[in-house]
Amino acid sequence: MTNTAPPSPSLRRDGLWFWVVAASFMVVMAFTTAPAPLWSIFAQHDRFSSLTITIVFAAYAVAVALSLFFAGHLSDWYGRRRMVAGGLALNVIAAVVFVVWPELPGLFAARVLSGLGVGVLTATATAWLAELDAARRQMSSRGRAQAVAAAANLGGLGLGGLVAGVLAQLAGHPLTLPFLALGGATALALLAISVAPETHPSPPAAPRYRPQRVSVPPRSRARFFAAGVGATITFALFGLITSLAPSFLAGMLHQPSHALAGAVSFAMFAAAAIAQTMTGERPPQQLLARAIPALLIGIALLTIAVWLPTPSFGLFLAGDLIAGAGAGLMFKGGIGTVAEISLPEHRAEALAGLYLAAYIGLAGPVIGLGALTQITSAPVSLLVFSGLLVIAIFAAAPTLLGDRGGTPGASAQPQPTS
């Protein structure tokens with residue numbers, strides 16, 4: 001006879017807190033991309049160049065990478081709730097800094113605070129979701145926590161730019177209202193998280209501190225580095241759209257709308273999240289085999305769109321969507337590759353190395369693009385940027401799609417991150 005007994009109150013509470021943690025994760029990721037459609041306004045307000053925009057943008061990526069390696073693993077020692085609350089609190093402080101200090105030093109400070117908070121929070125929130133889901137596993141399908149974490153991560157990144165752009169376009173006060181709205185939502189998330197159940201209590205004595213390490217078997221290093229190149233490419237594209245796309249839209253495509261700039265950012269992240277969701281649990285090589293042509297087509301369309309005699313916003317948007325889908329599959333396949341080739345006891349450390357490559361991609365190439373725009377035209381700069389990405393894709397492709405032999409660990413369900 002089928003068991004139709006209702007879930008226990010404890011299981012229902014775990015299910016509720018699962019969604020509270022997921023919503024908090026999404027809100028803080030949305031806050032991190034709130035500046036995306038506003039950079040041109042900041043530039044006019046403080047009279048700084050596109051190079052300065054990219055450096056301010058990159059400060060966030062550097063802060064995330066540092067936080068990830070020095071504090072991303074500390075929830076194993078001090079508990080999930082405490083570390084997630086700390087990450088949320090840093091982003092609430094960043095929102096206050098954005099509002100009260102909209103000049104260049106304040107932007108640097110706010111972005112660094114936000115990055116430090118996200119580095120602490122991202123892996124911790126993902127682990128917390130998995131543990132909350134495991135508490136009610138009999139009511140959950142396999143992989144649900146990973147799918148929700150992916151949607152909260154990339155969905156939040158896309159949503160932040162859209163919300164900020166619409167508020168800036170329609171409600172006025174573009175340098176304060178978006179940060180008040182998303183900062184306020186982050187503060188509410190902090191209040192909710194402060195009473196959420198702890199799933200990983202602190203041990204009686206915390207181990208001696210050490211930063212995260214990266215450990216990959218020697219025979220698998222070529223695939224690891226190829227996956228790292230893929231992560232760098234993915235986040236370089238995300239960085240392009242969330243830092244310089246508003247300037248490209250206004251200057252080359254004659255589309256100055258802040259809401260539209262936010263929508264373009266949202267579209268790329270949404271395409272990435274949808275592509276990841278629709279491919280389910282396919283093997284990494286299948287994902288990468290689809291990612292590579294999508295990235296090449298998307299990058300080509302983005303570049304051609306600004307080189308036409310009459311630049312085409314429609315073509316730019318098509319490239320944005322196709323490149324976004326390819327980037328989502330590339331990153332998911334890269335994480336799956338690293339999870340597959342690493343030993344179980346070193347898997348988190350190997351993935352941390354992949355995340356570092358991703359955040360280098362978020363910072364380095366975009367700074368280079370910003371510098372190029374100071375010495376040559378924007379179309380030429382984008383052509384050089386795109387050419388380097390294409391070269392990197394072709395360099396990594398043979399290893400990413402090559403023989404899978406020599407994998408020491410069982411494959412694991414990958415989960416994207418910011």
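**View 1. Thr279 in the loop between two helices.** In this predicted model, Thr279 sits in the loop that links helix H11 (258-278) and helix H12 (284-307). Thr279 is buried, and its relative accessible area is 9%. The cut-off for buried is under 20%, so Thr279, at 9%, qualifies.

**View 2. The surroundings of Thr279.** Neighbours within four places in sequence are set aside here; beyond them, Thr279 is in contact with Leu287, Leu329 and Lys332. Take Leu329. This residue is 50 residues from Thr279 in sequence, yet the two C-alpha atoms are 8.3 Å apart in space. The side chain of Thr279 also reaches the backbone oxygen of Gln276, at 3.0 Å.

**View 3. Helix H8 and its two faces.** H8 covers residues 177-193, 17 residues in total. From first C-alpha to last, H8 reaches 24 Å, close to the 24 Å expected at 1.5 Å a residue. Its buried residues are Pro178, Phe179, Leu182, Gly183, Thr186, Ala189 and Ile193. They span an arc of only 110° around the axis, so they lie on the same side of H8. The face turned away from this buried side carries Leu180, Leu188 and Leu191, which are exposed.

**View 4. The whole chain, for context.** The chain has 15 helices and zero strands. It contains 418 residues, and 54% of them count as buried. Among contacts with a separation of 6 or more, 86% are between residues 24 or more positions apart.

Technical notes:
Residues are numbered from 1 along each chain as its sequence is written. This is a predicted model: local features need pLDDT of at least 70, side-chain atom pairs count only at pLDDT 80 or more; totals for chains, interfaces and linings use all residues. Side-chain values use heavy atoms; hydrogens and water are left out. Helices (H or I, at least four residues) and strands (E, at least two) are DSSP runs, numbered from the N terminus. The expected span of a helix is 1.5 Å times one less than its number of residues. Buried means under 20% relative accessible area, exposed over 50%, partly exposed in between (1.4 Å probe, protein chains only). The arc is that of the directions from the helix axis to the C-beta atoms. Contact means heavy atoms within 4.5 Å. A polar contact is a pair of N or O atoms within 3.5 Å; within protein, one must be able to donate a hydrogen and the other to accept it, and residues adjacent in sequence count only if both atoms are side-chain atoms.
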